[in-house]
Amino acid sequence: MILSFFMTMNRTLKEYIEREIIPLYSSFDKAHNIDHVESVISRSLSLAQHYDVDVDMVYTIAAYHDTGLQYGRELHHLHSGEIIASDVQLTNYFTAEQIVIMREAVEDHRASSEHTPRTIYGAIVAEADRLIEPLTVIRRTIQYGLSHYPTLTVEEHFTRCCEHLHDKYGVNGYLKLYIPHSDNAQRLAELRDIIANPTLLRSTFDTIFAEQ
């Protein structure tokens, strides 16, 4: 079903994004590389099948959602919004109102956002960006640490990893889920089981860290 949904896309728009936008992710850290954006696109399209939404908008939002990382991580969601709003090429495919919706969706995707996404488009990309596969989450956390804090010792990386996992994915963490059709809830429970088991968490960290 996702293939038929995907095939309704504007091919010229898709070609533009594949040529000019997706390659931007090759310069980001391993946790936000081309594999990541392609995963978010795929998951967004899968979730979107359950709603009356515009497939071109869903695809575009997913493709642009982390482009603001080129200006730093802290405000990347806002910078991503600025990028999608200022891309004049998109005016060939979307109305001004649609571009506003896409900008808001990109701004709302961040897991640490203090407000609920303003539209279903924001909810879709936010949920798609929360790829809660336990080992992948831990791997991305380690990769981010290695990329941004290369001078830390192994023990310091482990401490940072634990703090991040508890703060974001723990029972009282800030991550929120929005789409009932997503399998993230079950996977979040599996991740929390690992987080709650110090021995298992350490052995999992050591195995993945050694692979990096």
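Leucine 75 is found in the loop between α4 and α5 (76-86). Helices (H or I, at least four residues) and strands (E, at least two) are DSSP runs, numbered from the N terminus. The model is predicted: local features need pLDDT of at least 70, side-chain atom pairs count only at pLDDT 80 or more, and totals for chains, interfaces and linings use all residues. Residues are numbered from 1 along each chain as its sequence is written, and side-chain values use heavy atoms, with hydrogens and water left out.

Leucine 75 has a relative accessible area of 44% and is partly exposed. Buried means under 20% relative accessible area, exposed over 50%, and partly exposed in between (1.4 Å probe, protein chains only). From leucine 75 to arginine 192 the C-alpha distance is 27 Å, at a sequence separation of 117 residues.

The chain contains 11 helices and 0 strands. Its pattern along the sequence is α-α-α-α-α-α-α-α-α-α-α. For 212 residues, a compact globule would have a radius of gyration near 17 Å; the chain has 17 Å, which agrees. This radius is taken over C-alpha atoms, and the globule rule is 2.2 Å times the number of residues to the power 0.38. Along the principal axes, the C-alpha atoms fill a box of roughly 55 × 35 × 30 Å. Buried residues make up 49% of the 212 in the chain.

Contact means heavy atoms within 4.5 Å. Among contacts in the chain with a separation of 6 or more, 67% involve residues 24 or more positions apart. The chain carries 18 positive and 30 negative charges, and their mean positions are 2 Å apart. Lys and Arg count as positive, Asp and Glu as negative; His and the chain ends are not counted. Each charge is placed at NZ of Lys, CZ of Arg, CG of Asp or CD of Glu.

Helix α7 (residues 120-129) is largely enclosed by the rest of the structure, because 9 of its 10 residues are buried. These buried residues are Tyr121, Gly122, Ala123, Ile124, Val125, Ala126, Glu127, Ala128 and Asp129. They pack against α3 (34-48), α4 (55-64), α6 (96-107), α8 (134-148) and α10 (184-195).

Proline 117 lies in the loop between α6 and α7. Its relative accessible area is 11%, and proline 117 is buried. Beyond residues up to four places away in sequence, proline 117 touches Asp108, Gly122, Ala123, Ala126 and Tyr178. Tyrosine 178 is 61 residues from proline 117 along the chain, with 8.7 Å between their C-alpha atoms.

Asparagine 184 belongs to helix α10. Its relative accessibility is 0%, and asparagine 184 counts as buried. Apart from neighbours within four places in sequence, its contacts are Arg43, Glu127, Arg130, Leu131, Ile132 and Leu177. The asparagine 184 side chain reaches the backbone oxygen of arginine 130 at 2.8 Å.

Leucine 152 sits in the loop between α8 and α9 (154-169). This residue counts as partly exposed, at 28% relative accessibility. Leucine 152 touches His157 and Arg160, residues up to four places away in sequence not being counted. Isoleucine 120 is 32 residues from leucine 152 along the chain, and 40 Å separates their C-alpha atoms.

Terms used. Polar contact = N/O pair within 3.5 Å; in protein donor to acceptor, adjacent residues only side chain to side chain.
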